[in-house]
Amino acid sequence: TPDDYFLCKAAARGGNTHCFYEYAGQILEDVYSHDIASSYPRQMVTKLFPVGAWVDDRRKAIIPDAANLIHIVFYKLRLKAGVTVPYIARGKCQHCGGVLEDNGRILSADYAEMVITEIDYAIICRQYTFDDDPIWVAHKVAEIGFLCDEYRDYIKYMFEQKCKLKKADPYFYAKYKNKINALFGMMLTDITRSEILYDGEWKESFGDCAELLAEYYNNKKSFLNYQQGIYVTAHARADLQAGLDLVGKNAIYCDTDSIKHFLKLLELFATLNAGIIAHNEKCGWHGVEVDGRTYHCGIWESDEEYKRFITWGSKKYAYEYARPEEHGGHKFGTTVAGLNKQKGAEVLEREGLEAFDLNKIFKEEESGRLTAHYNDTIRWEQMEINGHKIELTSNIALLPTTYTLNITADYKALIDGEMEWSD
């Protein structure tokens with residue numbers, strides 16, 4: 001129903017990307033990275049999803065062995081000691097007040113209203129304390145089961161092809177990675193998207209939700225359910241959380257399917273992987289054999305070692321490789337939203353990791369970034385460029401621009417120990 005759909009949209013959330021603020025802005029030595037191999041495919045093949053209609057439930061408690069969609073208001077939320085990555089994102093709250101925030105995550109709040117699944121609820125209960133009597137505004141329950149066999153078999157096939165192509169054909173390996181990502185992406189595609197119309201002025205038009213849902217589910221080409229898409233990412237966040245719980249206070253940074261941390265911790269991750277492999281095989285998914293190596297979907301793999309590492313928050317970190325010879329002699333790397341990886345690394349090659357500091361300006365030729373410039377008032381005009389006459393009218397020009405490394409004032413206050421409350 002439309003009500004169910006709006007609750008699902010409110011509960012939809014992506015990966016868990018965050019930095020432990022106590023380490024933000026510091027150059028850290030001897031940092032390790034572990035990644036989950038194909039996290040989303042594993043969720044889609046081996047985990048359980050809502051497979052029936054949502055029904056109202058009046059009990060103010062999680063119903064076991066079922067999918068639970070909960071519209072809830074927590075009071076007096078407080079993060080427990082030792083938690084490095086707070087789970088509740090302020091941006092996913094409908095309303096909240098008296099908030100102490102960690103770069104978009106709630107450390108404490110007088111109240112916070114949100115829509116979550118039973119998977120989210122379990123993590124919140126482990127990480128936070130709150131009043132014993134939260135308000136359950138709405139509670140929907142559905143039966144659970146595996147995704148259809150045809151879809152799961154196709155995901156297995158795609159993963160097998162990707163493993164076989166990893167060393168044999170890098171180009172098609174990348175294409176299969178893209179296709180596997182699309183298998184999840186189309187599960188969480190909005191069914192009731194608005195239309196942008198123009199009749200002398202621009203308008204956004206919203207269709208009737210009930211009609212659009214009926215049109216989708218009555219279409220013979222439709223074979224996916226939106227509510228199952230929200231559980232792919234929820235299960236993936238739970239798998240990531242298992243890694244974070246394992247690493248504990250050694251966690252520095254996480255991003256959807258990876259953790260940067262102190263200490264090598266190979267034995268602990270090997271124990272975690274044994275449980276993942278056993279669960280995969282219980283679901284009928286055995287490893288893929290390629291050139292004498294067995295690839296298992298969803299296990300934690302040792303990804304990289306960094307001699308030095310620094311982060312300023314989500315999608316904003318740089319590092320010095322421990323073994324540059326494995327990276328073509330390149331010593332540095334960057335991952336920054338809005339900054340070209342290669343060009344950012346080239347700047348650090350010249351200036352060192354210390355240059356990755358607040359208010360650092362990457363010049364136009366250093367950022368690889370483009371900004372849109374709108375030329376709306378031009379009528380037809382003729383220009384001559386390199387001896388060629390061309391006619392131009394209104395246009396959008398993509399021009400190189402700078403990138404400045406910065407953070408919000410609130411986040412800087414938290415890092416500096418000047419905690420401020422906000423409403």
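Let me start with β18, which gives the most to the lining of the largest pocket, with five residues. Strands here are DSSP runs of E of at least two residues, helices are runs of H or I of at least four, and both are numbered from the N terminus.

A word on the source: this is a predicted model, where local features need pLDDT of at least 70 and side-chain atom pairs count only at pLDDT 80 or more, while totals for chains, interfaces and linings use all residues. Residues are numbered from 1 along each chain as its sequence is written, and side-chain values use heavy atoms, with hydrogens and water left out.

Back to the pocket. By pocket I mean an open set of points on a 1 Å grid over the protein atoms alone, with protein on both sides within 12 Å along at least five of seven lines; a cavity is a set where a 1.4 Å probe fits but cannot get out, and lining residues have an atom within 4 Å of a point. Points are joined across faces, edges and corners, and volume is the space filled by probe spheres set on them.

The largest pocket holds about 1,000 Å³ of space. Its lining has 35 residues, and D35, I36, K177, D257 and D303 lie nearest the centre. By class, that lining has 13 nonpolar, nine polar and 13 charged residues. Nonpolar covers Ala, Val, Leu, Ile, Met, Phe, Trp, Tyr, Cys and Pro; charged covers Asp, Glu, Lys and Arg; the others, Gly among them, are polar.

Next, the cavity. The search of the whole structure finds one of 30 Å³ or more. The largest cavity has a volume of about 110 Å³. Of its 14 lining residues, R13, K92, M114, V115 and I116 are the closest to the centre. The lining divides into ten nonpolar, no polar and four charged residues. β8 (105–117) is one of the elements that supply at least two lining residues, and β8 gives the most, with three.

Last, the helices. α1 and α7 (residues 226–247) pack at about 20°, with axes 10 Å apart; axes are lines fitted to C-alpha atoms over the stretch in contact, and angles run from 0 to 180 degrees between N-to-C directions. That makes α1 roughly parallel to α7, the term for angles under 35 degrees. Contact, meaning heavy atoms within 4.5 Å, is made by Y5, C8, K9 and A11 of α1 and Y226, Q227 and I230 of α7.

The axes of α7 and α8 (residues 266–282) come within 11 Å and cross at roughly 145°. Here the contact residues are A242, G243, L246 and V247 of α7 and L268, F269 and L272 of α8.

How values were computed: Parallel < 35°, antiparallel > 145°, perpendicular 65-115°, else oblique.
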